[in-house]
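Please read the points below with the sequence and the structure open beside you.

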Amino acid sequence: MAEFLRKNWILLLTEILIISVFCLFYGRFGNVYVDSFREAYIPEQILNGKVLYKNIFCIYPPLGYMINALLYKIFGVKLSVLYIAGLFATLGSVFFANKIGKMFLNNYLLAGINLFIISALVLSPNVFNAFFPYSYGMLYGIFFALISLYFILKEKYPVSYLFCSLAICSKMEFLPLLFVLVFISKKENIGKNSALFILPIIIVTTILFLQGLRISDLAVSCGLIQIMGNSQTLHEFYSSMGLIPRIEHLPLYITNLIKFVFPYNFQKYQEIILWIFPLISILFVCKYKNLSTKEKIFIVASVLISLKVFFALTMQSYGVYYLIFALISLTILIPNNFKKIVACYLIFWSLLIGFNNTKLLLKKNYTLNCEKGIIKTTTDEGIKYSAILKSLEGVSVSSVLIYPEGLLVNYFLNVKSDDKFYSLIPLYVETFGEENIIHHFEITKPDYIIINDLDTFTYGYSKFGVDYANNIKSFIEENYQTVTNNKLPEDMLIYEKIK
């Protein structure tokens with residue numbers, strides 16, 4: 001026992017810290033406006049008989065939603081089920097990251113990496129967090145990808161293929177891991193490897209088709225996703241998130257590298273690690289001949305997996321989920337003389353980022369609760385949503401739509417949204433087209449439509465019905481009447497269908 005503790009004390013301490021953060025800040029993770037409650041709402045609709053890509057428009061692979069629907073089925077439709085699922089996925093990811101890290105790194109660097117992950121991801125106050133994220137597919141995908149990478153390094157390729165497939169079924173960003181795996185494993189056990197890779201895909205697709213999905217439904221959904229991929233609003237979003245590399249951003253990368261090495265403003269830390277993947281690529285080329293085979297495999301796989309966030313590894317973007325891959329790769333490549341210095345820097349920045357994130361989490365002191373659980377948010381956001389929920393309490397309705405986003409209302413009140421248009425951020429409005437959306441509403445005739453104050457500036461527009469979706473807003477005003485309620489905030493409107 002003593003020997004086990006001596007060898008694994010860093011991992012055990014890290015896992016204890018993660019559980020402690022989960023307990024201390026329970027319910028404070030996620031976002032009451034965007035994304036998080038989509039992750040809560042869709043699995044519930046699956047249990048209610050709705051089918052992904054047929055009834056429910058979805059831009060992500062299905063496995064994350066299927067896992068959560070299964071967890072709902074077993075443990076009940078509760079927020080605590082999702083929170084604990086996020087906790088276990090995070091604990092599992094850290095476990096395998098440390099198993100991999102111990103192959104290459106000393107305890108100082110492992111401790112620094114673990115602390116940085118806790119401060120930046122586990123303590124994240126925004127939607128890109130470890131317990132109630134923008135996408136459970138991302139959490140599960142990272143977990144499965146790390147398992148796959150671990151078994152690649154152990155040369156147990158059949159298991160690697162299985163978990164590689166699970167990662168891809170969770171999030172398409174992990175597809176490049178398959179190319180690494182095929183190259184490394186070559187023709188060894190090709191039949192067994194192929195069977196284990198295909199198995200999760202067959203199970204997932206079979207379930208979808210048994211639920212009622214048709215090939216034509218899938219074709220329509222893929223067509224819409226293709227339109228979305230070519231949309232101007234997505235390009236604007238990727239630009240604002242830094243996902244599209246631009247030569248004019250080069251000064252920003254250099255500036256943030258300097259800020260990391262010579263911190264001068266402790267409050268401005270969000271983009272300090274933008275430079276990591278470009279730096280990893282440069283160091284990899286320079287040190288290639290001196291690297292072991294396992295080091296090369298891990299670094300190449302990490303970079304390929306992270307291509308989407310190559311220039312966008314920031315604290316307030318989903319690039320933060322790739323920190324595990326980035327930090328292990330970087331510390332492998334750092335010259336030995338600088339490893340202790342880097343470990344000290346990681347610990348320093350961990351304390352700084354953790355302190356700032358803790359302050360932001362503590363500001364989430366307003367509790368919204370229902371029979372399904374609780375979530376805590378800022379007082380301003382909490383008062384607004386509390387007013388909306390109270391306004392609709394006891395009202396007999398079949399559907400409530402809240403735009404641009406806000407599925408918390410539907411989840412809390414057990415009222416369905418629109419399966420296809422549960423969100424009308426600028427990206428979705430451009431993808432579907434205002435005329436099609438209005439025509440859909442003419443058919444479905446939703447009982448209530450709520451317009452909230454969500455600012456969608458990351459898509460190049462600010463407010464729903466102000467500088468985008470104007471025709472939809474006009475349709476609502478012509479066919480719905482405003483619900484007058486003195487308790488409602490001025491910037492959040494409830495429209496009731498005219499009888």
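**Notes on surface patches and covered helices**

1. Trp9, Leu13, Leu17, Leu115, Ile347 and Leu351 form a nonpolar patch on the surface, and together they have about 520 Å² of accessible area. Patches are made of residues with over 30% relative accessible area and no salt bridge, where like charges are joined within 9 Å and nonpolar side chains (Val, Leu, Ile, Met, Phe, Trp, Tyr) within 5 Å. Accessible areas come from the Shrake-Rupley method with a 1.4 Å probe, and for residues only the protein chains shown count as cover. A salt bridge is a side-chain nitrogen of Lys or Arg within 4 Å of a carboxyl oxygen of Asp or Glu.

2. The model is a predicted one, in which local features need pLDDT of at least 70 and side-chain atom pairs count only at pLDDT 80 or more, while totals for chains, interfaces and linings use all residues. Residues are numbered from 1 along each chain as its sequence is written, and side-chain values use heavy atoms, with hydrogens and water left out.

3. Helix H1 (2–24) and helix H16 (339–362) each supply at least two residues of the nonpolar patch, and H1 gives the largest share, three residues. Helices (H or I, at least four residues) and strands (E, at least two) are DSSP runs, numbered from the N terminus.

4. Leu115, a member of the nonpolar patch, lies in helix H5 (residues 107–122). Leu115 counts as partly exposed because its relative accessibility is 31%, given that buried means under 20% relative accessible area, exposed over 50%, and partly exposed in between (1.4 Å probe, protein chains only).

5. H5 itself is mostly covered, with 12 of its 16 residues buried, among them Leu109, Phe116 and Val122. The buried residues of H5 pack against H1, H4, helix H15 (323–333) and H16, where contact means heavy atoms within 4.5 Å.

6. Helix H2 (residues 36–47) is also mostly covered, since 11 of its 12 residues are buried, including Phe37, Tyr41 and Ile46. Its cover includes helix H3 (63–75), H4, helix H6 (136–153), helix H9 (190–211), strand E2 (373–377) and helix H18 (408–413).

7. Leaving aside residues up to four places away in sequence, Lys384 touches Tyr33, Asp453, Pro489, Asp491 and Met492.
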